[in-house]
Amino acid sequence: MSNNLINIKIPKYNLNYQIDNKKNIIESSLDKNVKLAYSCKSGICGTCKAKIISGELNKNNKINHILSESEKENNIVLLCQATAKSDEIVLEPLSPLPRKVEKSIVREFISEVLSIKEINNNTMELDISVPKRFVYENKRNNYVEVLIPGKKINEKYYIFGECEENNINNGTVKIIINKSEDLEVRKYIEANLIHGETITIKGPFQENIPEIPYNKPLLFLVENNYIINSLNLIKNLILMKIDVPIMLISGFTSKTEIILLDEMHKLQFLYNNFSYKITLLNNKDSNNINRFHFGKTTNIINKVFPDLSSHYIFIYGENKFIEENYNKVIELGAIKNNINKL
Ligand code: FES
């Protein structure tokens, strides 16, 4: 073997390229702009299974347990857990190569306002048209900026994606506008826009989702409008087939402030590993609470999880919310390195 370079051949897709043998086959192929099928990259989902037709690999046998005995006997491996050993490897991925996704390019687009919905007193939802060239990846956090003539505005409006694997672009995107803050965009939209009008957006900008361990149950503690981002992240994790229990506890001030209940319900209905609880701060709502909890999120965490030592926890909210919830989860045994705050 010379220079650590390995020949990879995938006859089924007419691919022949060289990779470095230091990284696993998925990563080293990505370095060469070859995207093989993968999802979790952690040996959990099995998306990267491939049959080795010839050549030898170093396999991470500790993380090969999702392979059955007969798969192992038939030279099936997890490409995300294997590095190349011989100078040439011929293989055949079991999942088809992913559809080539055009790299998203940030551009300015004229969009038509398709619908404006008041979700509650503080929030409105805007559906706007986007052209085919507007390409965004469901597995990352995507946002746009709204351009207002003569103003420099850098507010981020996260695209609220649909939870469908191939829904790259169906011609519309949904963004949520918070009306309670003194935002230029909100004022502009309220003053100028009705259905059929146009606005200029710039995007899609993309943010990577946080690196998390894929073997720990996830707990999200989220306040009010931070639910928008949190639900996007949860959808991303579900799309990545992260098969661990995901619990969302979201705290709203009152019933009228609740947003995206429909999205939480849909996710819980569709995916067995997701569940949510809502807690309301406002006393007045306590009379007819039947399905919601009452009080701060900190009051109910321990009722759901008396011990958080094996969880990975996200806390998203204002500073006071973060501080209170951080202290609470630490009290319940959470490991500091396993807490992600926003
Ligand atoms: S990508 Fe290899 S097992 Fe999930």
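1. Contact range. In this predicted model, 70% of the protein chain's contacts between residues at least 6 apart in sequence join residues at least 24 apart.

2. Overall make-up. The protein chain has 342 residues, and 33% of them count as buried. Its secondary structure comprises seven helices and 19 strands. Along the principal axes, the C-alpha atoms fill a box of roughly 70 × 50 × 30 Å.

3. Main core. The largest nonpolar core holds 60 residues. The members touching the most other members are I159, I175, L219, F220, I234, L248 and I313. Helix α4, residues 227-239, gives the most to this core: six residues. Where does the core sit? It lies between domain 2 (107-207) and domain 3 (218-341), because both give residues to it. As background, nonpolar side chains tend to be buried together in soluble globular proteins.

4. L219 in detail. Set aside its neighbours within four places in sequence. L219 is then in contact with M247, F305, L308, H311 and I313. I313 is also on the list of core residues that touch the most other members.

5. Another core, of 20 residues, lies apart from the largest one. Its members include I19, L67, L78 and L91.

6. Helix pair α6/α7. Helix α6 covers residues 297-304 and helix α7 covers 319-331. Their axes come within 10 Å and cross at roughly 25°. Angles under 35 degrees count as roughly parallel, so α6 and α7 are roughly parallel to each other. The crossing of α6 past α7 is right-handed. From α6, the residues involved are T297, T298 and I301; they meet E324, N325, K328 and V329 in α7.

7. Cis peptide. The bond joining G203 and P204 is cis, with omega about -5°. P204 lies in strand β13, residues 198-207.

8. Positive phi at N14. N14 is not a glycine, yet its phi is positive, about 60°. The residue is in the loop between β1 (5-10) and β2 (15-20). Is N14 buried or exposed? N14 is exposed, with 7 other C-beta atoms within 10 Å.

9. Positive phi at N75. N75 is not a glycine either, and its phi is positive at about 65°. N75 sits in the loop between α2 (69-73) and β5 (76-78). With 15 C-beta neighbours inside 10 Å, N75 counts as partly exposed. The reason is the cut-offs: a residue is buried at 20 or more such neighbours, exposed at 12 or fewer, and partly exposed in between.

Definitions and conventions:
Residues numbered from 1 in each chain as written. Predicted model: local features only at pLDDT ≥ 70, side-chain atom pairs only at ≥ 80, totals over all residues. Core = buried A, V, L, I, M, F, W, Y, C linked by C-beta atoms within 7 Å. Helix = DSSP H or I, 4+ residues; strand = E, 2+ residues; numbered from the N terminus. Domains from an automatic or database assignment. Contact = placed C-beta atoms within 7 Å. Axes fitted to C-alpha atoms, helices over the stretch in contact; angles between N-to-C directions. Parallel < 35°, antiparallel > 145°, perpendicular 65-115°, else oblique. Left-handed = near helix turned anticlockwise from the far one by under 90°.
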